[in-house]
Amino acid sequence: MTKEQNDKELLDNARRLVEELEAGNEDGISETLDNLARLRETELFQQLGKLTRELHDAMSSVELDQRFADLAEQEIPDAKERLHYVISMTEESANKTLEAVESSLPISENLQQTAAEIYDDWKRFKSREMTADEFRKMSAKLDVFLPRVTEDTRVLHQYLSDIMMAQGFQDLTGQIIRRVIDLVVDVEAGLVELIRLSGKRKKAGEDKRKSSIEAQGPAVPNTADTKNQVMNGQDEVDDLLSSLGF
Amino acid sequence: MKILIVDDFSTMRRIIKNLLRDLGFTNTVEADDGKTALPVLQAGGIDFLITDWNMPGMTGIDLLKTVRADEKLSTLPVLMVTAESKRDQIVEAAQAGVNGYIVKPFTATTLKEKIDKIFERIEATG
């Protein structure tokens, strides 16, 4: 009901009240008085509703401002740092893998080549085309080659293990990226809320901070992660555990 | 010796599985979080548990606590291999009864050392 409608109805009822009073119609008097009271109440509730809405909007925009401030000041730079860390970890893994491959290739080529040479000699030996002098040479070659195979394959095994260990980055960067995805989801939710500022009231006082034992993935340098005491590597972990009686 | 490897990243499970094979442990099974690991453990036959911490569903620390609270599993050796490296977390794991704690990224040597150490202790205490 608009204000004009409301005013008009008030006036109509007031006029009718005068008429009913002059006519001494008790039922009519009581009815018009009820109407007037109802109109007054409607207006009051409307005002109260408007005030509540304004208060609510003001409050939720304050909360949202705080959330956006956190996002802009802390969490977005934090996420950038995390993604940079992902780049450097993947780069490091790629370099380790390439180094191991580059070191392995000449070894395997050499083994292959020497084995092929000896195999040719061996075929000639089996078809009795080999002189005694050539046999002595092949024998000497084998004396060098066989222990080298043992050593070279051991080295190759090490390089292959290095390549395998370097793949650990997928797990570690995956955990970091998941956290950034969570943040993106948060930003999205914040934007949606900004659009519907007049929407439902947010849960007040919700503590978004995680407890210090909750799983958080790898600690990333230069981020909020380092606010808590972080162990740098296995040695520090071992020291801590031994201090705990391990 | 049958070892259960629990990690949500299949690449990490594969790495650990290959390292264990190098160390002579060829009998391994895998699970991708605590929830899927529990039925495997409860079915019996697992002698050693290697678990990550940060996993969806059920985390490694909750798995450890559940294992320690289970009468049949309470003495199962548990080695944590995780990127969680905060002091409070390591203390929490120690208090929950973990047998070893390795932080990622780790080396093959570290894994071997920790497994050897756990077995040495088990043998020493009978």
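Guide: Strand β1 of chain B, residues 3–6, is joined to β2(B) by four bridges, and the two run parallel. Strands here are DSSP runs of E with at least two residues, helices are runs of H or I with at least four, and both are numbered from the N terminus; two strands pair if DSSP finds at least two bridges between them. Within this pairing, B:Val6 stands opposite B:Ala31 of β2(B).

The model is predicted: local features need pLDDT of at least 70 and side-chain atom pairs count only at pLDDT 80 or more, while totals for chains, interfaces and linings use all residues. Residues are numbered from 1 along each chain as its sequence is written, chains are lettered from A and ligands numbered from 1 in the order in which they are written, and side-chain values use heavy atoms, with hydrogens and water left out.

The two strands belong to an open sheet of five in chain B, with the order β2-β1-β3-β4-β5 and parallel pairing. In chain B, β2 (28–31) and β5 (100–103) stand at the edges; each has a single partner strand, so one side of each lacks a neighbour in the sheet. On average, neighbouring strands of this sheet are turned by 20° against each other, direction ignored. Such angles are taken between axes, which are lines fitted to C-alpha atoms, for helices over the stretch in contact; angles run from 0 to 180 degrees between N-to-C directions.

Helix α2 of chain B, residues 34–42, packs on the sheet and touches β1, β2 and β3 (48–51) of that chain. Contact means heavy atoms within 4.5 Å. The direction of this helix makes about 165° with that of β1(B).

Aromatic rings also deserve attention. Rings of Phe, Tyr and Trp (its six-membered ring) pair if their centres lie within 6.5 Å; planes under 30 degrees apart count as stacked, over 60 as edge-to-face and the rest as tilted. By this rule there are four aromatic pairs over all chains. B:Phe25 and B:Phe119 form a tilted one, with 6.2 Å centre to centre and 40° between the planes. B:Phe25 lies in the loop between α1 (10–22) and β2 of chain B, and B:Phe119 in helix α5 (residues 108–125) of chain B, so the pair ties together parts 94 residues apart in sequence. B:Phe25 is buried, at a relative accessible area of 17%; buried means under 20%, exposed over 50% and partly exposed in between (1.4 Å probe, protein chains only).
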